[in-house]
Amino acid sequence: MSPEYLVQPGTRGGRRRDAAVHLTPLAPAAMAVALIGRPAVWAAPALVLGPLLLGGLLARGRDVGRSHRRRAVDFNASVALVALALWGLLEVGARFEPAGVLVPVGALLLALLWLNWLLMIAIAASRARYGELFSPPWVIPFARWCERGGPQETTEEDSDGDS
């Protein structure tokens, strides 16, 4: 069975914090809308700030918390890259008349991305609440450094080899 469906160790409070890590991108998104007055695609890279900043506080040095934080960073960075690519597609379609068909296609894909983002955040938070891990299938692994605090030395007790 995949490790994503195995229940991870943790307390009730730790699992609530793990679920909150997945919900942290909503804070920068709400702040961007409040400051700008409307949703703006170019503010998509700010989605990563929630898991990076707030997620670091919520993970609190727990291995499972760092794993949830890494998955949230990876997912939101991937969404930001796709949103910026779709924004570029919309710009090309708006500026060049022969590519005008790209505007409705890009707008539809952007709306689907937004719905997918909300749905995947809800699924990840729900799974984290019950101690499971979740990664959407199309995520680019950016933040391997979130899972471990830094380079760790291996002792003889930790190694699998026979000495």
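On a 1 Å grid over the protein atoms alone, a pocket is an open set of points where a 1.4 Å probe fits, with protein on both sides within 12 Å along at least five of seven lines, and its lining residues have an atom within 4 Å of a point; grid points are joined across faces, edges and corners, and a volume is the space filled by probe spheres set on the points.

The model is predicted, so that local features need pLDDT of at least 70 and side-chain atom pairs count only at pLDDT 80 or more, while totals for chains, interfaces and linings use all residues. Residues are numbered from 1 along each chain as its sequence is written, and side-chain values use heavy atoms, with hydrogens and water left out.

**View 1. The second largest pocket, with about 180 Å³ of space.** Of the 13 residues that line the second largest pocket, Ala27, Pro28, Met31, Ala46 and Leu49 lie nearest its centre. Helices H2 and H3 (49-59) each supply at least two lining residues (helices are DSSP runs of H or I, at least four residues, numbered from the N terminus), and H2 gives the largest share, 6 residues.

**View 2. The largest pocket, with about 540 Å³ of space.** Among its 21 lining residues, Pro39, Ala40, Val41, Ala44 and Trp114 lie nearest the centre of the largest pocket. Two or more lining residues come from each of H2 (26-36), H4 (63-95) and H5 (102-129), and the largest share, 5 residues, comes from H5.

**View 3. Residue classes in the two linings.** The lining of the largest pocket has 20 nonpolar, no polar and 1 charged residues, whereas that of the second largest pocket has 12 nonpolar, 1 polar and no charged. Here Ala, Val, Leu, Ile, Met, Phe, Trp, Tyr, Cys and Pro count as nonpolar, Asp, Glu, Lys and Arg as charged, and the others, Gly among them, as polar.
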